[in-house]
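Hi there,

Here is the structure I promised to pass on. My notes on the domains and the ligand follow below it.

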Amino acid sequence: MISLSQPPRTGDALRAFRSTIRAFVRTEFVPHQDRWREQRFPDPDAWTKAGSVGMLLSDVPTEYGGGGGTFVHETVVVEELAREGVPLHSFIHDNVAHYILAYGSEAQKREWLPRMARGELVGAVAMSEPAAGSDLQGIATTARRDGDQYVINGSKTFITNGWHAGLVCLAVKTDPKATGPKAISLIMVETRDLPGYRVGRPLEKIGMHAQDTCELFFDNVRVPAANLLGPAEGKGSLQIMDKMSYERLAIGVAAVATAERAVAVTTKYVKERNAFGKPLIDFQNTRFKLAECKTEAYIARVFLDDCVERFVAGELDAFSTAMAKYWLTDAECRVVDECLQLHGGYGYLAEYPIARMWTDSRVHRIYAGTNEILKEMIASSL
Ligand SMILES: Cc1cc2nc3c(=O)[nH]c(=O)nc-3n(C[C@H](O)[C@H](O)[C@H](O)COP(=O)(O)OP(=O)(O)OC[C@H]3O[C@@H](n4cnc5c(N)ncnc54)[C@H](O)[C@@H]3O)c2cc1C
């Protein structure tokens with residue numbers, strides 16, 4: 001019998017890692033969720049606590065302070081957070097580490113990665129702007145070279161981890177006259193006590209309330225020219241295309257874990273709730289809907305596991321990652337919506353886990369490339 005509660009990617013060491021992360025999330029994060037939601041950001045020490053238990057940079061080599069694992073370790077972290085409904089976006093923090101690992105100099109790796117692994121430096125990826133989301137070429141933030149510094153001007157919006165971010169992987173135009181992908185570069189910005197840098201209050205969203213999503217402002221911000229990522233200007237678009245796969249697959253992991261959780265939570269609910277003198281599960285519609293949801297979650301799991309295996313082997317292309325993110329998040333939203341319906345009015349109450357899953361999951365179809373943009377990308381491979 002298929003069990004949706006035990007993902008197949010196991011093995012003794014991974015099982016031990018999973019139980020450590022599971023226990024940590026339950027004792028250190030779950031009890032604080034209501035407060036995090038009210039304040040609209042996780043407690044600052046959530047990051048250092050996560051670092052102390054090995055939850056951050058689990059798939060970064062140990063020589064840079066990471067856990068020395070693979071993306072499978074990342075999936076464990078993302079799954080355990082999703083299972084408990086904790087929307088800490090550690091995978092974005094970890095993705096910043098992978099930008100540095102892939103494109104940073106040795107000095108940059110030694111400077112930032114160990115502090116990121118300890119959670120002392122929280123990572124954010126800042127690309128979107130008020131007038132440019134899907135159309136990244138339209139960004140207006142600039143970085144002008146001035147001696148051994150860059151002078152940055154502009155603003156970013158919707159930036160996950162923005163409130164706590166100590167290290168921002170920032171998409172800028174280094175050559176405003178250049179057109180196309182070559183105009184864009186990535187510059188790492190250490191934000192602490194940085195003159196001209198400002199963070200807006202966390203944005204009011206319909207879900208992910210415990211997650212800080214902010215506007216960032218840059219007013220003549222000066223950073224060392226050595227903070228450019230990569231050997232030369234104009235490499236940003238290629239770097240983003242490469243590392244977006246990491247983020248997209250991680251979102252797919254969260255999507256599948258959420259769909260599985262929705263099925264589990266709803267199955268329990270319909271066995272306990274009565275209508276017309278019998279439990280809801282005794283109605284054929286309830287059983288059929290849950291049977292469909294369970295099947296869809298299982299198909300999603302098989303697809304995801306295949307993608308993860310190929311990603312770890314370095315064999316998953318960007319088109320397949322786009323397929324995974326689009327299809328898995330669409331499936332997640334279908335499953336969660338059906339499961340909410342089976343809760344009746346209680347599914348609409350914010351205190352019920354299924355309601356939080358419904359509002360939290362919706363953004364999965366929007367960020368890291370909307371699912372429409374991803375279909376365009378997949379179609380370009382036909
Ligand atoms: C909670 C949250 C967290 C986020 N975190 C981050 C972050 O950490 N860093 C970051 O840089 N950004 C982040 N984003 C921004 C997110 O990536 C963008 O919102 C997303 O890329 C879409 O851009 P947009 O909002 O400008 O929509 P638009 O680009 O204006 O798109 C609007 C609609 O038009 C459609 N559309 C646009 N172009 C096409 C096309 N060519 N073909 C078909 N349809 C099209 C889109 O699919 C969408 O449905 C976040 C957003 C949210 C809501």
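How many residues of domain 1 are in contact with how many residues of domain 3? The count is 18 residues of domain 1 against 18 residues of domain 3, where contact means that the C-beta atoms, placed from the backbone, lie within 7 Å.

Before the rest, a word on the model. It is predicted, with local features needing pLDDT of at least 70 and side-chain atom pairs counting only at pLDDT 80 or more, while totals for chains, interfaces and linings use all residues. Numbering starts from 1 along each chain as its sequence is written.

On the domain 1 side that touches domain 3, α4 (71–83) and α5 (90–103) are the elements giving two or more residues. Eight residues come from α4, the largest share of that side. (Helices, H or I, have at least four residues and strands, E, at least two; both are DSSP runs numbered from the N terminus.) By class, this side has ten nonpolar, five polar and three charged residues. Here Ala, Val, Leu, Ile, Met, Phe, Trp, Tyr, Cys and Pro count as nonpolar, Asp, Glu, Lys and Arg as charged, and the others, Gly among them, as polar.

The protein chain is assigned domain 1 (12–121), domain 2 (123–234) and domain 3 (238–379), with bounds from an automatic or database assignment. The C-alpha centres of domain 1 and domain 3 are 22 Å apart.

Now the ligand: 20 residues surround it, the closest being Met127, Gly133, Ser134, Thr160 and Thr370, counted by a C-beta atom, placed from the backbone, within 6 Å. Domain 2 and domain 3 each give at least three residues to this shell.

Best wishes

Key: Contact = placed C-beta atoms within 7 Å.
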